[in-house]
Amino acid sequence: MQSLSNRAKKLEAKPMTLAERAYLPAIFQGLSITMRHFFRAATKKQVTVRYPEEKRPFSPIFRGLHVLKRDEVGRERCTACGLCAVACPAEAITMVAGERKKGEENLYREEKYAVSYEVNMLRCIFCGLCEEACPKAAVYLQPDKMAPPRFERDEFIYGKDRLVEPVDPSARSIRGIQLTPEQADALAQRMAQ
Amino acid sequence: MIELPTLGWQSIVILVVFGVSLLIATYCTYAERVIAAFLQDRVGPDRAGPFGLLQPLADAVKLFTKEEFFPAGANKALFIMGPCLAMITALMSSAVIPFGNVIQFGNNVFNLQGIEVNIGMLWVFGIVSLGVYGVMIGGWASNNKFSLLGAIRAGSQNISYELAMGMALIAVLMISGTLSLREITLQQSVAGEWHFWNIVKQPLGFIIFLVCAFAETNRTPFDLPECETELVGGYHTEYSSMKMGLYLFAEYVNVFVASAVMSVLYFGGFNFPFQYELRDWFVNSQGWELMSAQNLISVLGLLGLFGKIFAFIFFFMWVRWTLPRFRYDQLMRLGWTILIPLAIFNILLTGGLILGGIIK
Ligand code: SF4
Ligand code: SF4
């Protein structure tokens, strides 16, 4: 038969030599190899990562736990358009939309907002399509957090309490420029009027 | 005639030996996993307690809380008897092993051995060959073809390897001229003159005995009775909960006993090099009494024997995580066409050397 790759190796079954048939040399060879590994593991390098105490570095494009972003002045960006839920291949996102009332302008950026927003982390495959679909740059998958293991199923349904970015004035910025807390508060007041 | 104090002392020793065997078997399950892990560059159990030392306890709790399962159509009495028998026979053989020399207090001499019988070796062999019944009965009573196949394999494997093992042993008996394990130990080191351990006189016999010991304890590379790739779990497929635990435990007790027997037969038992010189040094230059120096040597010898036993147990585990399992026909061929002729050759060789006066 013609060989397709020209890399086929011809094998023939040679009768075993006496040393091979006596097993012992091969056994000692194997034992010495495993003993080398024993001392290596005992003295320095084990491949195991002891997980909760020791963590592997994440890749910079790692897609982890979702976050619902706030804008520069701390208002929720999400407008409950539902595009993320439509884009989600795993049907992990559900939300209830509501209308912004007067006086809530400092809480929600758009006139419509998500009263509830839930991601089922057991369904989610962390594909990031929700992030791509969002027109308001509201939902992101964090590159440094994962959904931790839990004992109960309902604990995997993350509501707004766990998804929305915490209100932290020190974290606010406009186009990458960090705002002082005073600046941020002043901005928020001006927007609210 | 056994007097009452001796009987009391013997019961204490047997109880202690019993407890120690169980303790060692318990920690073998832990050691096995740590050694396996280290041989594979891993860490092993390290969560339960410091260094994972409470792991055996966690295992026991887990096994005890598992469901007791009886397969449909199983013979219930025999099903329960199987693991019990395996455990009992495993524990019984350690009774005759001389763990140490005598310890003397005043006029009372205490022997660090369960029972001293002049047929100690036969006792061990008799009990070990009974051990296969635990496996056979368990496999048969499960009413499962994989269990039955495992049991049949266990039976034929143990019978085949017992032959070679016995013949390797005959060569030792030819040298020592006694079946008493204590005598065999004492002969490996006689005060005043340098006697070598039997391993020097019987290297070939030792290798045969070692290989057979692996087969008798159903350890890899000869663990065909429980070979999970072919037979699910072999004879203990249908077992759950602590009955399963007893089988696994019995295996480790067997490993412990096999290690002890090999240490006694071939590696001098409780003797260690320069023990008499050490004793004389204590007596002559430290001004100790002969009795207390002798007691100290006995205790050191006891520790030495356990050192040897642990080394053997480590070897058992080291081999397990190095070698793949034999195929069944290879196993049988190795037993019948290689080990038995070799053992016979070893007997002839030993006989010739004794006749020639080279070893005695
Ligand atoms: S990451 Fe993918 S699966 Fe998860 S919620 Fe977003 S779109 Fe759905
Ligand atoms: S997260 Fe984005 S895509 Fe999803 S509902 Fe809110 S605004 Fe729309």
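Analyst: A salt bridge is a side-chain nitrogen of Lys or Arg within 4 Å of a carboxyl oxygen of Asp or Glu. By this rule, 3 salt bridges are found across the interface of chain A and chain B. This is a predicted model, in which local features need pLDDT of at least 70 and side-chain atom pairs count only at pLDDT 80 or more, while totals for chains, interfaces and linings use all residues. Side-chain values use heavy atoms, with hydrogens and water left out, and residues are numbered from 1 along each chain as its sequence is written.

User: What makes the pair Arg50(A) and Asp46(B) a salt bridge?

Analyst: The closest N and O atoms of Arg50(A) and Asp46(B) are 3.1 Å apart. The cut-off is 4 Å, so the pair Arg50(A) and Asp46(B) qualifies as a salt bridge.

User: How is the size of the interface between chain A and chain B expressed, and what is the area?

Analyst: The size of an interface is often given as the accessible area lost when the parts come together. Buried area here is that loss, taken with a 1.4 Å probe and summed over both parts. Between chain A and chain B about 1700 Å² is buried, and carbon and sulfur atoms give 70% of this area. In chain A, the residues that lose the most area to chain B are Tyr23(A), Leu31(A) and Phe38(A), together 32% of what that side buries.

User: How many residues does each chain bring to the contact?

Analyst: Contact means heavy atoms within 4.5 Å; chain A and chain B each supply 18 residues.

User: Why is Ser176(B) called buried?

Analyst: Buried means under 20% relative accessible area, exposed over 50%, and partly exposed in between, with a 1.4 Å probe and protein chains only. Ser176(B) has 10% relative accessibility and therefore counts as buried. Ser176(B) lies in helix H5 (residues 145-176) of chain B, a helix being a DSSP run of H or I of at least four residues. Beyond its neighbours within four places in sequence, Ser176(B) contacts Ile184(B) and Gln187(B).

User: Which residues are nearest to ligand 1, and which to ligand 2?

Analyst: A residue is near a molecule if one of its heavy atoms lies within 4 Å of it. Ligand 1 is surrounded by 13 residues, the closest being Cys88(A), Cys124(A), Cys127(A), Gly128(A) and Cys130(A). Around ligand 2 there are also 13 residues, of which Cys78(A), Cys81(A), Gly82(A), Cys84(A) and Cys134(A) come nearest.

Methods:
Chains lettered and ligands numbered in written order. Buried area = accessible area lost by both parts, 1.4 Å probe. Helix = DSSP H or I, 4+ residues; strand = E, 2+ residues; numbered from the N terminus.
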